[in-house]
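User: I'd like to learn how to read a helix in a model. Could you walk me through it?

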Amino acid sequence: MILSDGNTQVTYFKNFPPDIKNIGLSLSGGTDSALILFLLAKMIKERNQSSFIYPIHGYDIARKNVHSYEATEAVINCVKDLLDDTTVIQPPHIFAYDKKLPITKDAYHAANYEYMQRRYNIPFIIRGITQGMPDDDRPLTKGDGDSKEIYKFATETFILPFGTVDKRFIAHQYKVFELDSLYKVTSSCIADSPEPCKQCWWCKEKYFAFKSYDGGVQ
């Protein structure tokens, strides 16, 4: 993937291997992975490539009245509409976990990633992670890398295509590709509320880049 300073459109996934038939994508329902889904599907369609995208999403059943999988499904439907294509993106694999239980969220994800990779012969699963914000205090869980580790991993693999940039770059690409309709269905807030809390780190990062919260809320 070729990156610019964020002020121009860039060439995405130029060197992405054309022989990869099944592409796994951890689709959170947020702006980063939603943009990756759009760009991957766009690449496959433009190349007339015989590849398929398998979205994977895990949601926390401990969150009351909040269902992140709804945002994931809305993102998939929006991308299909934007590209007028219903064949590239496969039905999502959605699984539940409970952060209140002794089994960690990471363990649930690892098990489901392995299941998808084996079932569909997926060589790797792409994730939408960026560099965060200046003076980053991103909450890290077991297995997460810091900014330097994310940057290094992004330059060596296809797994973190946005690992070298922060969310302002993502926001600019939404403008370049005119993805306002996609932005409005994304969800970043992790609070136990259907409305953006404006206080969690994920809300703050979204506002930092887009100058609005989930749903375009100011």
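This is a predicted model: local features need pLDDT of at least 70, side-chain atom pairs count only at pLDDT 80 or more; totals for chains, interfaces and linings use all residues.

User: Where is helix H3, and how many residues does H3 have?

Analyst: H3 covers residues 105–120. With 16 residues, H3 reaches 23 Å from its first C-alpha to its last, close to the 22 Å expected at 1.5 Å a residue.

User: Which residues of H3 are buried?

Analyst: Buried means under 20% relative accessible area. In H3 that applies to Tyr108, His109, Asn112, Tyr113 and Met116. Viewed down the axis of H3, these buried residues fall within an arc of 125°, so they line one face of the helix.

User: What do the buried residues of H3 pack against?

Analyst: Strands: E1 (22–26), E2 (52–60), E3 (93–97) and E4 (125–127).

User: Is Asn112 buried or exposed?

Analyst: Asn112 has a relative accessible area of 14%, which is why we call it buried. A polar atom of the Asn112 side chain lies 2.8 Å from the backbone oxygen of Tyr108. Leaving aside residues up to four places away in sequence, Asn112 touches His93 and Phe95.

User: And how many residues of helix H7 are buried?

Analyst: In H7 (residues 201–210), 7 of the 10 residues are buried, so the helix is mostly covered. Among them are Trp201, Glu205 and Lys206. The buried residues of H7 pack against helices H1 (31–47), H5 (167–176) and H6 (180–185).

Definitions and conventions. Residues are numbered from 1 along each chain as its sequence is written. Side-chain values use heavy atoms; hydrogens and water are left out. Helices (H or I, at least four residues) and strands (E, at least two) are DSSP runs, numbered from the N terminus. Buried means under 20% relative accessible area, exposed over 50%, partly exposed in between (1.4 Å probe, protein chains only). A polar contact is a pair of N or O atoms within 3.5 Å; within protein, one must be able to donate a hydrogen and the other to accept it, and residues adjacent in sequence count only if both atoms are side-chain atoms. Contact means heavy atoms within 4.5 Å. The expected span of a helix is 1.5 Å times one less than its number of residues. The arc is that of the directions from the helix axis to the C-beta atoms.
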